[in-house]
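User: I am new to reading protein models. Please take a close look at one part with me, then show me the surroundings.

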Amino acid sequence: MINLVEPFLNSKKKYEYKYEGLVRVGREMPDLVESALKMRCTFNIIGESPQAFVLQIANVNFEDFNGIPGKGVFSPSQKLTKRLSAEFSQPIVFEFSKGQVTDIRTVPGVSNTVVNIVRGLLGFLQVTVKTTQSFYELVELGIHGVCQSSYSVQEDSSAKELLVTQMVDISNCQQPAALYRGMALATEDKLSKQRGDNVISTVKYIYTVKSTPEGGLITKAFAQERQFFSPFNVKGGNSRMLALREIELLKVSDTTDKIVTGQVQSRGNLMYKTDRDLKPIPLLMINLNDPIVDLIKRLAQANIYHVDSATSTEVLNLIQLLRVATLDNLEQLWKQLAGNDEHRRWFLDLVVEVSDERILKFLESRFKAGDITGNEAVQALVVAFNHLSAEPVSVALAEEFLTIPFSKSQPFLWNTVVLAYGSLLHRYCVYTDPCPVTVVQPLLDMAAGGLSKNSEVDMVRALKALGNAAHPSSIKTILKFIPGYSAGAEKLPTRVQGTAVQALRLLATRDPHNVQDIVLSLFVQRTLPAEIRMMACMVLLETKPSIAMISVISEVLLEEDDLQVASFTYSVLRGIANSRTPDNQHLSTACNIAMKILTRRLGHLSYRYSKNIHLDWFHNDFLFGTSTDAYMLKNGSSPIPTHMMLKGKIHVIGRIFQFLEFGVRADGIKELLTEKLPQLEKDFAVTDFAAIIKILSDWQNIPKDKILLSAYERVFGQETFWMDFRGEFIQNIMKSVSPSAGKESSVWEKIQNLQKGTSWHWTKAHLVYEARSVQPTCLGLPVEISKYFPIVNVVTMKAKAEMNPPPKEHLGEMLNSDISLQTDGFVGVTKDHFVFYGINTDLFQCGIEMKSKAVFGLPWAFDLKINVKEKKYEMNMTPIKTATELISLNSDVYAVLRNIEDSSLAKMTPMMPEPKASQQALPLARILPTSRDEQDTRDDTIFSCGRHNISSIIPAFEVLEATPDPIAMVKALALSPAAKPLGYEGVAFYLPTSQREDIEMILSEVGEEANWKMCANANMDKSHSSAKAHLRWGAECQTYDMSMRVSKACQPEAKPSIYMKMTWGALPSIFTTISQRIEEYVPGMSYLLGFYQKHEKNPERQASVNVVVTSTETFDFRLKVPSRTIYKKTIPSMLELVGFEKANMTT
């Protein structure tokens, strides 16, 4: 047995090794391009003291590769080799004892990139050898962090060597060296992780350890790291990163030389160190001295009259340049750019991506100087605070905005400041455990202050910010606003109580059991307002409760008297029961059991009551899905909602992004209406519409201070926008557009400018998200997964109006004027989506990039003629002479190679050749069936506005009196200089009689030989008891036809019913094919939906539907088609079937 304890270095000897490191990034498939880097060198280890050694690196050679493996060779990168050699030649000292590298020291000026490569090189010494065991597991420090390692040892007695194999589980690290940015607001989904992942890594080390009298000498060290990555699930295809490191001992010699290292400083241990600010964007490597002002001016000019897709990718260049600018640079740029609206907007939109304390100090200067508008401040602050690196210094600087007077100058701005500060705290607490209570104290003080002053707005604002922060220490404060937990809380406004309950939503992920206890106790308290109990239900189910807790909810619902609470909770449970997303995997099973218990009692409740609609889907192969929830909350028996919410989530690769949420509180409007119309507390009829409109039109008498409407928006679960709309706001709007408004109105000034001719332009460049994952490799090089999504929005408009006579005193004078308006403009957006995978340092990049670009543009030019008094409206869409790209979608994957020393020689090669999709000719006339010859040689493309222009003319629209003249005419023509117009022409006639309303329409194909027409006739009895429609089309409207009749009845002796019958003659073959396909699915779908069916022979070429109302909440349904009858009784209605008799339902 070999007598060996641990690896050992003799401080009186010199060890000479050779090193080769290789990293390849690609698909590992034949004939696909990949990128690779290779570094070779020799190095000496010389003792400075028994535990301190000097590392000398020499003969550095750096090479790169970009091509198809086996069909190309590595190329030397001489400039990069020279730069790296200069840094590697600097003295490097490390401490080594008992097989562990404990400290690395270098002279100042050696880059972090080089120090990390040194860590990868010295990692060959970091091995724990146990000769008494052939297999053992340890948790130990390495370049990947403090991770789980598995060892196996094989002995070669004849050579007196041990072969030690070490496998490192980098997915199981107590202290990982990996760094993540941009995902703090994404909830981890462990159940999704069980179905697959987008990254899988394996790390293996093999050491040859030779026995010597002094200890173990490592003569060879081999490292191999494989990583597989996919934007979705690696099971469905992936990219591969392969890192190899080989070190071999060349010789050992005695040394008496004294090495002079000079002043060195500690750079830490062997664990990889990542720059906290992650400065280099992996998609580009540019000269960081490029002038920022010139770039902003170029981007602004390129996107004035259209969206310039060619320059949209330079948005990231600008962000990179701004991130390396000093605070003084930013102040100087502001002075240069603030005077020009375009340049100012571009600068403010993108300087917020400087994600450290510099942007806070810059914005603080703007707030204190007051040289930005409130609107600019809101936009800048929201993005800056939410994209800010959540460090202690940043949080301290952000807190100062709560005390700057400008922050409180406008209610909307003050709301934004407070909410944004809460969002920053949320991300700070993700990375700081425990999270100090001092950071959230200002918000706790605001909440306490609002409560002591009994200020509803102050309480709501503070609670919303606390909800954003989700600081564990805030629960005690939040409970002060929740009934049952604090004396007097039940007297607070329902909105305040509800906001407090909602403030627990994000705390549920940090303290689920405590939050569950709180919201469950609220849900079972029947004395609380229904809205509070329903909100408690929402939060409770977001905590993913156990099956036992779902059973408790079910038992409560079986005895529940409040049908609003019962209906809402039942609908939420039903939505989860049908869910397919991984996070609801266990909960949906529990909810399915609850459905079997509750459906008989609650399944019939209609949309008269509070409801939740849940829709979701998930694809296991892609590990991707979405879910959408719509909530409608009501109180008492009133059919008018008091609170409505719509939220969407994105499920992707083990994370859940609460992407967008919108909410509206309308209890103020409800109170206003029910005060004047008490019947709305119980019922809602068609006749109530007129009364509601009359109340709202009496805007002068709406109380100024009454909050009629509140709206909010959440992005990634964080509330970013909140605003109350009071009676005064409505009054100001109505007053400014009232016919009696005069020259004091803001609208008057705009009308005057419109007559002179006006133009308006707006751009918005924005980095929607930036997500980065950085993980070390065995070489000390960082492998990075990054996703970027920048967009550029552009709107340009010109308009001029002529009014005869022009208004002189009041806006109402325009009602008697002939108005002619000419306008043209453009609206467009460019969306760039980048995914990078590979090695990214400040010196070089090697990897693969997926680049996707979507361009949407819509130009317009039209003339509009209006005479309100005579009810004449004419619109002409004039041809656009400039070719415009309406829609463009393209995507490609590249193997990329860049280095800072040869930035102009960057290599970016498509991984595989892709044929360009050609734009086939598609004349407009081919969109609808035609009787003409199918061979059409026209060359125009519908993607170019320059060739296809829509011309529309809508003359006098008379609907009050019958006339043989058309009430509307429309022409849609494709114009080309080389051919005659091609398209369609439509006319509509209104021909009422004393018994019925009658409309006839004719659509004709335009062309010398064209005879295709579509003729439609629709009429309705004046009693509104029946309606008929007849459609014919083909050659002179004679080829195909179908008709439909709908009738309703409500006789005293019969139940209300609706009957519809459709008949048809000859139909195109495609109709028959589609109907046959549908018929294949009818039996299965009818069974799944609980319908019954009978096979019987019904009339040919005919289908009928009969719906009979059996109660205010149910109806019977019967469908007859030629081969079968499908029916079901007592179907729950989505809408309450009230007012049936009132709404002209008599014959």
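Which residues of helix α23 (residues 688-697) are buried?

Analyst: Keep in mind that this is a predicted model. In helix α23, the buried residues are Asp 688, Ile 692 and Ile 695. Look down the helix axis. These residues cover an arc of only 60° around the axis, which puts them on the same side of α23. An α-helix has 3.6 residues a turn, so residues three or four places apart point the same way. Now turn to the other side of α23. There, Ala 690, Ile 693 and Lys 694 are exposed. What do the buried residues of α23 pack against? Their partner is helix α22, residues 667-676.

Helix α25 covers residues 746-756, and Trp 748, Ile 751 and Leu 754 are buried in it. Seen down the axis of α25, the buried residues fall within an arc of 120°, so they line one face of the helix. The face turned away from this buried side carries the exposed residues Glu 749, Lys 750 and Lys 756. Here the packing partners are strands. The buried residues of α25 pack against β22 (758-776), β23 (782-804) and β24 (818-840).

At its start, a side-chain oxygen of Ser 745 comes to within 3.1 Å of the backbone nitrogen of Val 747. Just after α25, Gly 757 has a positive phi of about 105°.

Now follow one of those strands. Phe 826 sits in strand β24. Is Phe 826 buried or exposed? Its relative accessibility is 7%, so Phe 826 counts as buried. The cut-off for buried is under 20%. Phe 826 also meets residues from other parts of the chain. Leaving aside neighbours within four places in sequence, its contacts include Tyr 305, His 306, Val 794, Pro 859 and Trp 860. Take Trp 860. It lies 34 residues from Phe 826 along the chain, yet their C-alpha atoms are separated by 6.2 Å.

Asp 64 belongs to strand β3, residues 52-67. At 10% relative accessibility, Asp 64 counts as buried. Beyond residues up to four places away in sequence, Asp 64 touches Ala 36, Leu 37, Phe 74, Ser 75, Ser 77, Leu 897 and Lys 907.

Strands also pair with each other. Strand β1 (residues 13-26) and strand β14 (residues 239-254) pair in the antiparallel sense over 14 bridges. In β14, Arg 240 is the bridge partner of Gly 26. β1 also runs antiparallel to strand β2 (residues 34-47), with twelve bridges joining them. There, Lys 18 has Thr 42 as its bridge partner in β2.

Finally, step back to the nonpolar cores. The largest has 148 residues, and Leu 322, Phe 367 and Leu 573 touch the most other members. Helix α11 (residues 411-431) gives this core its largest share, eleven residues. Apart from this core lies another, of 80 residues, with Val 107, Leu 125, Leu 217 and Ala 223 among them. Return to Leu 573 for a moment. Among the residues it touches, not counting those up to four places away in sequence, are Leu 541, Ile 550, Cys 591 and Leu 598.

Definitions and conventions:
Residues are numbered from 1 along each chain as its sequence is written. This is a predicted model: local features need pLDDT of at least 70, side-chain atom pairs count only at pLDDT 80 or more; totals for chains, interfaces and linings use all residues. Side-chain values use heavy atoms; hydrogens and water are left out. A nonpolar core is a set of buried Ala, Val, Leu, Ile, Met, Phe, Trp, Tyr and Cys residues joined through side-chain atoms within 4.5 Å. Buried means under 20% relative accessible area, exposed over 50%, partly exposed in between (1.4 Å probe, protein chains only). Helices (H or I, at least four residues) and strands (E, at least two) are DSSP runs, numbered from the N terminus. Contact means heavy atoms within 4.5 Å. The arc is that of the directions from the helix axis to the C-beta atoms. A polar contact is a pair of N or O atoms within 3.5 Å; within protein, one must be able to donate a hydrogen and the other to accept it, and residues adjacent in sequence count only if both atoms are side-chain atoms. Two strands pair if DSSP finds at least two bridges between them.
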